[in-house]
There are 2 protein chains.
Amino acid sequence: MWSRRCRVLAASGSLLGTCLLTETPLIPKLPVKPLLLETKAPHVEQARTQDIAATQWLKLQTLTYRDQTGHERKWDLVTRTTRTDRAGVDAVIILPLLRSSKKSEVDVLLVQQFRPPVAGYTVELPAGLIDAGESSDQAAVRELKEETGYTGRVLRTSGPLTMSPGLSDETVKLVVVEVDLDIPENRQPKPQPEEGEFIQVMRVPLKSLSQELTKLQKRGVMPISGLFTLAEGLDLALSLKV
Amino acid sequence: MWSRRCRVLAASGSLLGTCLLTETPLIPKLPVKPLLLETKAPHVEQARTQDIAATQWLKLQTLTYRDQTGHERKWDLVTRTTRTDRAGVDAVIILPLLRSSKKSEVDVLLVQQFRPPVAGYTVELPAGLIDAGESSDQAAVRELKEETGYTGRVLRTSGPLTMSPGLSDETVKLVVVEVDLDIPENRQPKPQPEEGEFIQVMRVPLKSLSQELTKLQKRGVMPISGLFTLAEGLDLALSLKV
């Protein structure tokens, strides 16, 4: 797992890295079996978290935690400086399901854009950071409108989900939104991009999501993992008759 | 979208942040329409990427890119220092499908563990960094064996997928692995955790993945987003008859 870091560091003999392994004074040296020690709950010692560097948007930190055996360890992570939601959720990912009385097929909206961190184009579900004072549902409806022009209604919202828990504390909620194509607001959807935002919206039948992602990949467009696994789930259900 | 950062910065009037907006000398001041300018390909100017800070495992950077209109902009990101795969992929995520001649149901393996960056327990698909000299398929088979004890055979491997493209350049491949429960190696699977790794393996019928994630969430275990959307895809296919 991502904790390979610890083995590598231990092998190098360095004590200055991020996987410092020390005897802990908190575990009494009693004649208990190792198995008992391993039932101790692991926890992060927040007060000992160290800020390495920060920009306006991201902060690099090294935190201290105790594992199941009571050993003290270190871990590097990155955190967003923009988190405003009281529940500690950074962003929403929106699954927009488009329905019309005219046909039974359900479509989904995808967004393509240039993403500087990966130096190329990605295909993703619409998504966005939660603004101060906003609920995750409000953020989902707003971001969907801004990015795609469509007006939606929240069907359900997940609990917090982690994005990449070896690397960051970033969490999101998945908000499933119904877009009724029969209402006047959705007849001529006009995206309202922010300054500097260049988003191309795609409308894809759910049943051909997987094929569309394959086509896009051939053109060098990289899917975000959560969208790819959504397509994988759709395909698996059909092929395995789950 | 995540580019909300730009608007906020522009509103604050700061020129020292990460969204510096300047006139670019590369776009000639010709009487061209804005629409034409927007067809220019956006690109990252790698030579101007600035390292802000680094630890042994993560590096915080600010990169410079030009958007579709030729404007120069800045973006913060975090990158892993451990990438060894020639194709630039950091890690593999494994989707282990368990089959047995004794029943038609397909099971999936999940892993639960304490993740310091989110200060709590997560439920994820098995996953791991690609070691130096390893292919993504080799990494998937090795990690599956280490984390769960099961021996698997690669069925298919995705292209590179981005994990959180507003925050990092981290990419993964999804490797679908078949685990044949009839072969002797899989009769008594014994995980081979690395030092400091405490992983609990769960075996779940694919068809009840969603319910299992709900149960785990009630106990405070946070799913990783890609696993949650896999379950969402399975459910959607069943409920919508996609």
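**View 1. The contact between chain B and chain A.** In this predicted model, the contact takes 103 residues from chain B and 103 residues from chain A, where contact means heavy atoms within 4.5 Å. The area buried between chain B and chain A is about 9200 Å², with carbon and sulfur atoms giving 68% of it; buried area is the accessible area (1.4 Å probe) that two parts lose on being put together, summed over both.

View 2. The side chains of B:Arg73 and A:Glu195 form a salt bridge, at 2.7 Å from N to O.

**View 3. The two copies superposed.** A rotation of 180° with 0.0 Å of shift along its axis places chain B on chain A with an RMSD of 0.0 Å, the superposition being by least squares on the C-alpha atoms of residues with pLDDT of at least 70 in both. The two copies are therefore related as by a two-fold rotation axis. Because 100% of the interface residues of chain B are also interface residues in chain A, the copies meet through the same surface.

**Notes to the views.** Residues are numbered from 1 along each chain as its sequence is written, and chains are lettered from A in the order in which they are written. Local features need pLDDT of at least 70, side-chain atom pairs count only at pLDDT 80 or more, and totals for chains, interfaces and linings use all residues, while side-chain values use heavy atoms, with hydrogens and water left out.

Key:
A salt bridge is a side-chain nitrogen of Lys or Arg within 4 Å of a carboxyl oxygen of Asp or Glu.
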